[in-house]
Amino acid sequence: MEHLSKSDDTSVDQNDQPSTGTPAYSTMSTDSATAYFRTNSNASVFSETVDDSSYSSEASPMHWPAEKSDRLNNPVLSKLRMKQHKHDMNKNYDDFEGVDPELEMMKERFAKLLLGEDMSGGGKGVCTAVTISNAITNLYATVFGQKLRLEPLNQEKAAMWNREMNCLLSVCDYMVEVTASTQELQDGISVQVMTSRPRSDIYVNLPALQKLDAMLLEILDSFQETEFWYTEKGSMSSNSIGSELFGRVAQLNQEKWWLPVPCVPPDGLSEESRMNLRHKRDCANQIHKAAMAINSNILAEMEIPESYLASLPKNGRESLGDTIYRYISTPEKFSPDYLLDHLSITSEHEALDLANRVEASMYTWRRKLCISHSKSSWNMVKDFMADIERSDKNQTLAERAESLLFCLKQRYPGLSQTSLDTWKIQYNQDVGQAILESYSRVLEGLAFNIVTRIEDVLGADGA
């Protein structure tokens with residue numbers, strides 16, 4: 001910049017020069033997101049060689065002073081300086097001021113991650129784990145929330161899903177665990193060194209979830225040319241059902257009034273199309289089971305918040321009620337299927353309420369079991385025989401409650417999260433577990449929706 005120091009009139013303000021001492025690093029750099037972040041370069045993309053001949057002592061055609069004209073035309077001016085002078089110039093700076101909406105959206109998402117969703121910046125936001133979990137959940141709602149039909153995903157939304165998930169999952173690339181390993185030197189001496197490797201839970205589960213994700217999108221993309229179609233409920237009448245326009249119509253549950261109604265030709269689907277739908281339903285069902293298994297394992301590994309344990313009732317009978325407790329505490333053989341049939345659950349809301357009560361009683365009995373084993377030595381000697389009987393009973397009740405809860409979740413695979421799951425997610429501080437749990441949860445929901453939509457079409461075919 002020696003040319004700029006020849007004259008005070010043509011000197012550039014020091015604040016206008018870009019800083020090259022500190023390169024701009026992308027905090028979420030992945031292969032798929034490099035186009036949306038600044039490059040890690042020590043030289044600005046606007047930097048050019050400054051020539052003396054480019055400066056003129058004559059007034060500019062727009063009658064601006066030479067100093068001001070030189071500053072405005074200098075390519076090394078910062079974006080902030082250009083914005084300050086934008087209203088004073090008649091020249092179009094769209095090439096410099098062009099704003100990429102996707103980049104601005106990514107900046108907003110990244111700011112929310114850093115601020116913990118506390119936009120005041122006062123440090124009252126949630127922890128990073130909860131923020132990333134909410135980000136994945138909200139992204140799923142944005143992309144798949146209005147996906148009510150079996151059809152390929154919109155290209156823009158598919159690109160958004162892949163791009164933002166790659167950014168959120170890139171955090172896992174830097175999660176490692178340090179382990180001791182033996183390394184042999186050139187002279188044959190073996191030394192023990194500490195090496196880093198990816199976290200075992202992320203190393204095992206994350207590639208599996210990404211594979212399930214790709215398979216679900218592939219299933220949706222396969223519904224390009226179909227023999228069935230959809231219509232809105234309000235556009236049908238009782239006389240039009242069975243006509244050439246509507247054909248056979250699925251009888252959907254009145255609780256799902258917002259869903260479009262699938263229709264098939266009056267003669268039904270072809271055998272090939274029917275077999276193809278069943279195959280896709282079975283694949284989506286297996287994906288749903290795999291995602292649900294991963295989600296259950298991650299939730300089981302999360303710590304139980306102390307606030308949840310403090311909210312538990314004093315005894316399990318208070319939580320379950322007399323009827324269920326009387327059956328679950330019987331000394332005879334316990335059958336959870338028989339108990340569920342006897343209860344006659346009519347809705348998922350009742351099933352979720354029962355799941356919360358059974359889970360609370362299960363942890364109540366487990367807590368009593370731990371307390372009885374943590375007594376001091378003299379109390380243990382004094383109440384030895386009573387403790388054995390009480391511990392065996394609490395353990396039996398806890399095991400029966402666990403089997404009842406497992407059977408209930410199998411009967412209602414689309415059941416919402418229990419109270420304990422919600423508490424765990426809310427108070428979890430492990431970022432890796434938060435990513436795996438939220439990722440598996442949204443894939444579980446997407447797979448379940450695909451299975452349900454396919455069954456609606458097959459139901460219309462059999463109507």
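This is a predicted model: local features need pLDDT of at least 70, side-chain atom pairs count only at pLDDT 80 or more; totals for chains, interfaces and linings use all residues.
Figure 1. Of its 463 residues, 37% count as buried. The chain exposes about 28,100 Å², and carbon and sulfur atoms supply 51% of that area. Take the contacts between residues at least 6 apart in sequence: 69% of them join residues at least 24 apart.

**Figure 2. Helices α6 and α7, side by side.** Here we look at α6 (residues 155-169) and α7 (residues 200-221), whose axes sit 13 Å apart and form an angle of about 175°. That angle makes α6 roughly antiparallel to α7. Who touches whom? On the α6 side there are Trp161, Asn162 and Leu169, and they meet Leu206, Gln210, Asp213 and Leu217 of α7.

Figure 3. Arginine 274 belongs to helix α8 (residues 271-301) and aspartate 461 to helix α17 (residues 431-461), so the pair ties together parts that are 187 residues apart in sequence. Are these two buried or exposed? Arginine 274 is buried, with a relative accessible area of 15%, and aspartate 461 is buried too, at 8%.

Figure 4. Arginine 411 and aspartate 341 join their side chains in a salt bridge, 2.7 Å from N to O. Since arginine 411 is in helix α15 (residues 384-411) and aspartate 341 is in helix α12 (residues 336-343), the pair links parts that are 70 residues apart in sequence. Arginine 411 is partly exposed, with a relative accessible area of 36%, and aspartate 341 is partly exposed at 47%.

Figure 5. Aspartate 353 forms a salt bridge with arginine 357, and their closest N and O atoms are 3.2 Å apart. Both residues lie in helix α13 (residues 348-373), 4 residues apart, or about one turn of the helix. Aspartate 353 counts as partly exposed at 39% relative accessibility, and so does arginine 357 at 26%. Salt bridges that share partners also join Arg199, Asp201 and Asp430 into one network.

**Figure 6. A nonpolar patch on the surface.** Leu114, Leu115 and Met119 make a nonpolar surface patch of about 310 Å². Methionine 119 is in the loop between α4 (101-115) and α5 (128-144). Why does methionine 119 count as exposed? Its relative accessibility is 51%, and the cut-off for exposed is over 50%.

Technical notes
Residues are numbered from 1 along each chain as its sequence is written. Side-chain values use heavy atoms; hydrogens and water are left out. Patches are made of residues with over 30% relative accessible area and no salt bridge: like charges are joined within 9 Å, nonpolar side chains (Val, Leu, Ile, Met, Phe, Trp, Tyr) within 5 Å. Accessible areas come from the Shrake-Rupley method with a 1.4 Å probe; for residues, only the protein chains shown count as cover. A salt bridge is a side-chain nitrogen of Lys or Arg within 4 Å of a carboxyl oxygen of Asp or Glu. Helices (H or I, at least four residues) and strands (E, at least two) are DSSP runs, numbered from the N terminus. Buried means under 20% relative accessible area, exposed over 50%, partly exposed in between (1.4 Å probe, protein chains only). Axes are lines fitted to C-alpha atoms, for helices over the stretch in contact, and angles run from 0 to 180 degrees between N-to-C directions. Angles under 35 degrees count as roughly parallel, over 145 as roughly antiparallel, 65 to 115 as roughly perpendicular and the rest as oblique. Contact means heavy atoms within 4.5 Å.
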